[in-house]
There are 2 protein chains.
Amino acid sequence: MNLELLTKTENQKVQNLLIIGIRDLINYKNLEPGEKLPSERMLSEKFNVTRSNIREAIRKLEFYGLLKSIPQSGTFVANIGIIALNGMIEDILRLDEPDFKSLVETRILLELKTVRLASLRRTDEDIAQLKEALDAYIDKVSNGKDAVQEDLLFHLAIAKASGNSTMNKFMLSITPEIILKFEKHHVCDDDLAQRGIDDHQAIFNAIIDKKPQLAKQKMKEHFKELYSYCYNL
Amino acid sequence: MNLELLTKTENQKVQNLLIIGIRDLINYKNLEPGEKLPSERMLSEKFNVTRSNIREAIRKLEFYGLLKSIPQSGTFVANIGIIALNGMIEDILRLDEPDFKSLVETRILLELKTVRLASLRRTDEDIAQLKEALDAYIDKVSNGKDAVQEDLLFHLAIAKASGNSTMNKFMLSITPEIILKFEKHHVCDDDLAQRGIDDHQAIFNAIIDKKPQLAKQKMKEHFKELYSYCYNL
DNA sequence: TAATCGAAATTGGTTAACCAGTATGGGTTA
DNA sequence: TAACCCATACTGGTTAACCAATTTCGATTA
């Protein structure tokens, strides 16, 4: 297991070096945006690594929108300008692994917004799905069971109802880590969960009534314990 | 090019079907969280697809934290519970491609927060990097040149100074698409850019002075045109 | 009988050969 | 001379064989 972690960071080091190499190559060759990068085979030979390594590095830069691979044609520099490209690569290289505090902080920010948007935009179908999630949550809590999962799913249903696919995606990407941490530290005890029912119900009602300000307020109250937990970590 | 798009969506369809298949398998076999999935080879045989397809589907579920592959050992169901797993897979399958409006909406939300956090947490090194980005922006605008890239880099520098790696990552991931759309539609005309200098300078000063409320206010004003553009799209 | 050791099968990851589509350039023709 | 075409080499993507680490399970031994 230790070894696995070692090789993983080792891999990332190689990948970062390759990203630097690709960046320098673009600068050195004065590749304008839209121009073609050398082929994967040439790059792998130039940097003396396997083609898989090169493809992995390209994929990462593709994820951040800096490169674009087109089958049977080549890999192209995105049309965002050389300055933005250099700056963003610099940022990507220095990007830290997200700590839990930053995850919770971001989650709260997103949720205060999504609940507001959901109050404004929710469809009847959204309401139905919210109710389903809420009922499942209430059922679990009423039976004295752990309901971390149902809790999070209700919040995800709100994100979906917000009609903002980007925030929805972001919420999805941070939820699993939050669930893991919560279940590990037993953040949600019974008393908290009991109060959670009222909170969720209030939020749900505010969304039904299309009262964005109220919904946001209720969500804020709901997060009060989470706030304190987060900053005491 | 058309064909490329076709095959891409075709691939995504296959991938979605595989994700459904994996989900059903987990449910059918009553795999508890932490348990091992059948091997990639068995899955590829069962679903009658190539092993690459299976790995791609697993990778996607791994991205969202639902599975975890461990070399020479197997692929494991994340320890988040079967209910959360089912709910999240449902959401992932229905996830729309992000539209531009949702991107801008999210960007504004993130920036109003990062600028506030940056005012509270910025280090001296952050200040130096912000100044560098600001000077580059002012220089370009003063010479009457397009400065979309320098503009965005200043905003990314703020995200970095916020000390929140999750928001920083999110900002990075939505920036390229925003740059592309902006340069395509020539959103930033000369007059706007000229005013942008004052805005940026005011934001920068507020961050230096550690005045989070003022910084947020200035950012809000800076986004006013963007708001109108976004909602008129 | 129970603990231990090790060989063989199984695992995800890696690699090199292969594929189909694309771009290129020299030769041909109008 | 210029436009066109087809053969060839090159592209990213895919696949199947390979690898090293791990797990498993049964034979062996104390």
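Guide: Here is a short chat about aromatic pairs and a charged patch. Keep in mind that this is a predicted model.

Visitor: Rings to begin with. How many aromatic pairs over all chains?

Guide: The count comes to 4. A:F170 and B:F170 form one of the pairs, and it is stacked. The centres are 3.7 Å apart, with 0 degrees between the planes.

Visitor: Where do those two sit?

Guide: The pair crosses between chains. A:F170 is in helix α8 (residues 165–185) of chain A, and B:F170 is in helix α8 (residues 165–185) of chain B.

Visitor: Is A:F170 buried or exposed?

Guide: Buried, because its relative accessible area is 6%, and buried means under 20%. B:F170 is also buried, at 7%.

Visitor: And how do B:F63 and B:Y64 pair up?

Guide: Edge-to-face. That pair has 4.9 Å centre to centre and 90 degrees between the planes.

Visitor: Which residues make up the cluster there?

Guide: A:F63, A:Y64, B:F63 and B:Y64 form one aromatic cluster.

Visitor: What about cover for B:F63?

Guide: B:F63 counts as partly exposed, at 43% relative accessibility. B:Y64 counts as buried, at 4%.

Visitor: Switching to charges. Which residues gather in the negative patch?

Guide: A:D96, A:E97, A:D99 and A:E177. The patch is on the surface.

Visitor: Where is A:D96 in the chain?

Guide: A:D96 lies in the loop between α4 (82–94) and α5 (100–121) of chain A.

Visitor: Why does A:D96 count as exposed?

Guide: Because its relative accessibility is 54%, and exposed means over 50%.

Conventions. Residues are numbered from 1 along each chain as its sequence is written. Chains are lettered from A and ligands numbered from 1 in the order in which they are written. This is a predicted model: local features need pLDDT of at least 70, side-chain atom pairs count only at pLDDT 80 or more; totals for chains, interfaces and linings use all residues. Side-chain values use heavy atoms; hydrogens and water are left out. Patches are made of residues with over 30% relative accessible area and no salt bridge: like charges are joined within 9 Å, nonpolar side chains (Val, Leu, Ile, Met, Phe, Trp, Tyr) within 5 Å. Accessible areas come from the Shrake-Rupley method with a 1.4 Å probe; for residues, only the protein chains shown count as cover. A salt bridge is a side-chain nitrogen of Lys or Arg within 4 Å of a carboxyl oxygen of Asp or Glu. Lys and Arg count as positive and Asp and Glu as negative; His and the chain ends are not counted. The place of a charge is taken as NZ of Lys, CZ of Arg, CG of Asp or CD of Glu. Helices (H or I, at least four residues) and strands (E, at least two) are DSSP runs, numbered from the N terminus. Buried means under 20% relative accessible area, exposed over 50%, partly exposed in between (1.4 Å probe, protein chains only). Rings of Phe, Tyr and Trp (its six-membered ring) pair if their centres lie within 6.5 Å; planes under 30 degrees apart count as stacked, over 60 as edge-to-face and the rest as tilted.
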